[in-house]
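Please look over the sequence and the fold shown here before reading on. The paragraphs that follow go from the chain as a whole to its core, its aromatic rings and its pocket.

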Amino acid sequence: MSGDKGRRYMKDLIKMKILCLGDSITAGIGGTVGNSYPDIMGKRLRNEGIGTEVINNGRPGDSTKDFFNYLVTTINTIDNLKELIPWFKPLVCYDLVIIMLGTNDCRSDNWVDSEDSIKYLEKIIDFVHQWVNEKKHILISTIIPLSDPMPPKIVGGAHKWKQNRIKKE
């Protein structure tokens, strides 16, 4: 094989592993099945001839604090399995980890202030370092809350206004 065919063949052999961590935006809630950003990214990379495995670990509703606690529980479970089953040696090594968290930190019923949000993101990154081939291959795309959340009264009022407007139209 030579030229473009040879390069395409080599790209197909190389399997890039990408882990996407996040909330409902990552999970793809609200869209159709197979249309989350991890799904679309994986399809596009494969269409370009890049052998890719994309793991979607989106957890709808999670704040940075919730996701950090989920990681702690997961790691503790894996550590317990290692003790119980001596031959259990999970080797997880990703070429890229994308973290998309922070959206739910802004919700009034799930508020995490900006300082804590940043602290939890840093802790999540510390966990993720053990799963990445090279430490520099972590991409963070986040929304950090910059002010107090909107009180439920205002949010609820805005929702009522929108519902009334829809009924009139």
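**From the chain to its pocket**

Of the 169 residues of the chain, 28% are buried, where buried means under 20% relative accessible area, exposed means over 50%, and partly exposed lies in between (1.4 Å probe, protein chains only). The model is predicted, with local features needing pLDDT of at least 70 and side-chain atom pairs counting only at pLDDT 80 or more, while totals for chains, interfaces and linings use all residues. Residues are numbered from 1 along each chain as its sequence is written, and side-chain values use heavy atoms, with hydrogens and water left out.

The chain has 6 helices and 4 strands; these are DSSP runs numbered from the N terminus, with helices being H or I of at least four residues and strands being E of at least two. Along the sequence they follow the pattern α-β-α-α-β-α-β-α-β-α. Contact means heavy atoms within 4.5 Å. Among contacts in the chain with a separation of 6 or more, 79% are between residues 24 or more positions apart.

Ala27 sits in helix α2 (residues 24–27) and is partly exposed, at 25% relative accessible area. The C-alpha atoms of Ala27 and Arg59 are 6.3 Å apart, although 32 residues separate the two along the chain. Leaving aside neighbours within four places in sequence, Ala27 is in contact with Ser36, Asn56, Gly58 and Pro60.

Next comes the core. In soluble globular proteins, nonpolar side chains tend to be buried together. A nonpolar core is a set of buried Ala, Val, Leu, Ile, Met, Phe, Trp, Tyr and Cys residues joined through side-chain atoms within 4.5 Å. The largest one here has 20 residues, and Leu21, Val97, Ile99, Ile124, Val128 and Trp131 have the most contacts inside it. The elements giving two or more residues to this core are β1, α4, β3 (96–100) and α5 (114–128), and α5 gives the most, with 6 residues.

Which aromatic rings pair up? Rings of Phe, Tyr and Trp (its six-membered ring) pair if their centres lie within 6.5 Å; planes under 30 degrees apart count as stacked, over 60 as edge-to-face and the rest as tilted. By this rule there are 3 aromatic pairs. One of them is Phe68 with Tyr120, tilted, at 5.8 Å centre to centre and 45° between the planes. Phe68 lies in helix α4 and Tyr120 in helix α5, so this pair ties together parts that are 52 residues apart in sequence. Phe68 also forms a tilted pair with Phe127, at 5.8 Å centre to centre and 55° between the planes. Phe127 is in helix α5, 59 residues from Phe68. Phe68 is buried at 13% relative accessible area, and Phe127 is buried at 17%. Phe68, Tyr120 and Phe127 form one aromatic cluster.

The last topic is the pocket. The largest pocket is lined by 17 residues, with Thr74, Ile75, Ile78, Val92 and Trp131 nearest its centre. The elements that give two or more residues to its lining are β1 (16–22), β2 (52–58) and α4 (64–84), and α4 supplies the largest share, 7 residues. On a 1 Å grid over the protein atoms alone, a pocket is an open set of points where a 1.4 Å probe fits, with protein on both sides within 12 Å along at least five of seven lines, and lining residues have an atom within 4 Å of a point. Trp131 touches Leu19, Leu71, Ile75, Val92, Cys93 and Tyr94, not counting residues up to four places away in sequence.
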